[in-house]
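Here are my notes for you, point by point. Have a look at the model alongside them.

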Amino acid sequence: MKKTRKIANKVLAFCMVMVVCIACSLSEMTVQAATVRATAVQEDLFVEKNGTFSSTGDVYTFTTTSTKDFWVEVDVIDPSISVDVVLTSLRDGSYSNATMSSNEWKQDEYEPSIYWSSLGYRNLPAGSYQVKISSNNPGNYMVFGWVEDAVNISATSVSLSAGQSKTLTVSGTTEAVQWSSDNKSVATVNSAGKVTAKKTGKATITATIGATTLTCSVTVKKPVLSAKSFSITVGQKKTLNVTGKAGKVTWKTNKKSVATVSSKGVVTAKKAGKAKITASVDGCKLTCNVTVKKNEYTASSASNGEVGYGVYFNVTKISYDKKGQLVCKVQIINNSMNNVEQLRNFNISVLSKSGTVIGSQTIGKKSLFIYSGSNKTISITIPKSKVKKKNADLRTATPRCKGDYVYRR
């Protein structure tokens, strides 16, 4: 970055230098750089913006009240000399130094007899600083220094999902910003700095302000399917969705007889078995393995040795029949000292996962015979008229049984 100056002032300053050089040559004196530098009255000598500068010999000090970028430029007539620049913080003594040498001098396009080089110190914290300019070579040079608002980009890295966007901004300058992307298939950027993620991958967004470039790394994440696998009951539905996508999702099932999927990702279980649901989007294929299970409640049978003294009810299976009735298999375990001959006022209720009643049936009397120390499984049907939910998920249901029994010693 080279500060633009008035050519007339620059030429005037070097005319002053040359006059001093000629005078010194006539008196056979060796001219040192510090003795021939233009004075501070020159408009463009150590020019400052938003800061305060003073100069004493080879040492310059300045103070900033906020984070700034500091630039220093040295102009020479003899490109063979080298100049040392040391920047020191007056608060903690930390410093940075650099040497401008013959391989760095650039010829001024407006004044070919002048060569120049500049150094930039980015993002200096608020505080006081000292700049020392020195050279071990005889020669003639002039120093220009200035501070300006630090030019920063609002983010140096962002992570987006395909289809998402984020606007980047540049602070510390009033100059026009030119935005560009090195991988437009992954992420684009418009003239206002709005970055739009296109597909999975990485891209670098560059903001160009004059000779200054700032970059932001953009990572576009893969589309993600809401589930990689799940189990579902026949007759039930579950919706899959894809996050981090840009384009439209195409859904497909490999076994429609087991599970279908709609254009909106709604999976409907048809019969017991396994199916694979595939979501195709943004060049990616995402899969979910679906296991469809029968719509029935099942529980293990119990032995007499697993329960205490008395008579126990254990529901081992509940399912819908073709008429829409609930068929319940109830194991009655007789661990009493008597033979059971009859059930009275026996009630069975089937509750959903949320606790609501799916169906309920009460039997006033039911004859049966179960010897002491044995068990028996009976079938009880809840008629369709007493089934409140016609297609409930029985796999997550909870049965409840209560009632009396008649026994004979």
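**Notes on the model**

1. Let me start with Asp92, which counts as partly exposed because its relative accessibility is 46% (buried is under 20% relative accessible area, exposed over 50% and partly exposed in between, with a 1.4 Å probe and protein chains only). Its salt-bridge partner is Arg91, with the closest N and O atoms 3.6 Å apart; the term means a side-chain nitrogen of Lys or Arg within 4 Å of a carboxyl oxygen of Asp or Glu. Arg91 is exposed, at a relative accessible area of 68%.

2. Some housekeeping before going on. This is a predicted model, in which local features need pLDDT of at least 70 and side-chain atom pairs count only at pLDDT 80 or more, while totals for chains, interfaces and linings use all residues. Residues are numbered from 1 along each chain as its sequence is written, and side-chain values use heavy atoms, with hydrogens and water left out.

3. How many salt bridges does a search of the whole structure find? The count is two. Besides the Asp92 pair with Arg91, Lys317 and Glu296 meet through their side chains at 3.8 Å, N to O. That pair links distant parts of the chain, 21 residues apart: Lys317 is in strand S29 (residues 310-320) and Glu296 in strand S28 (residues 296-298). Strands here are DSSP runs (E, at least two residues), numbered from the N terminus. Lys317 is partly exposed, at 33% relative accessibility.

4. Now the aromatics. Rings of Phe, Tyr and Trp (its six-membered ring) pair if their centres lie within 6.5 Å; planes under 30 degrees apart count as stacked, over 60 as edge-to-face and the rest as tilted. By this rule there are six aromatic pairs. Phe62 and Phe70 are stacked, because their ring centres are 4.6 Å apart and their planes are at 20°. Both are buried: Phe62 has 2% relative accessibility and Phe70 a relative accessible area of 0%.

5. Phe70 also stacks with Tyr121, at 5.9 Å centre to centre and 25° between the planes. Here again distant parts of the chain are linked, with Phe70 in strand S3 (residues 68-76) and Tyr121 in strand S7 (residues 115-124), 51 residues apart. Tyr121 is buried too, at 9% relative accessibility. Together with Tyr129, the residues Phe62, Phe70 and Tyr121 make up one aromatic cluster.

6. Lys106 is over the face of Trp116, 4.6 Å from the ring centre. Lys238 is over the face of Phe230, at 5.4 Å.

7. S23 runs antiparallel to strand S26 (residues 273-281), joined by four bridges, and Thr253 has Ile277 as its bridge partner in S26.

8. Finally, strand S31 (residues 339-351) is mostly covered, with 10 of its 13 residues buried. S31 pairs antiparallel with strand S34 (residues 398-408) over 10 bridges, where Val340 has Tyr407 as its partner. S31 also pairs antiparallel with strand S32 (residues 357-370), over 10 bridges, and Leu351 stands opposite Val357. S31 and S32 form a hairpin with five residues between them, and Gly355 in the turn has a positive phi of about 100°.

Terms used. Lys NZ or Arg CZ within 6 Å of the ring centre and 35° of its normal. Pairing = 2+ DSSP bridges.
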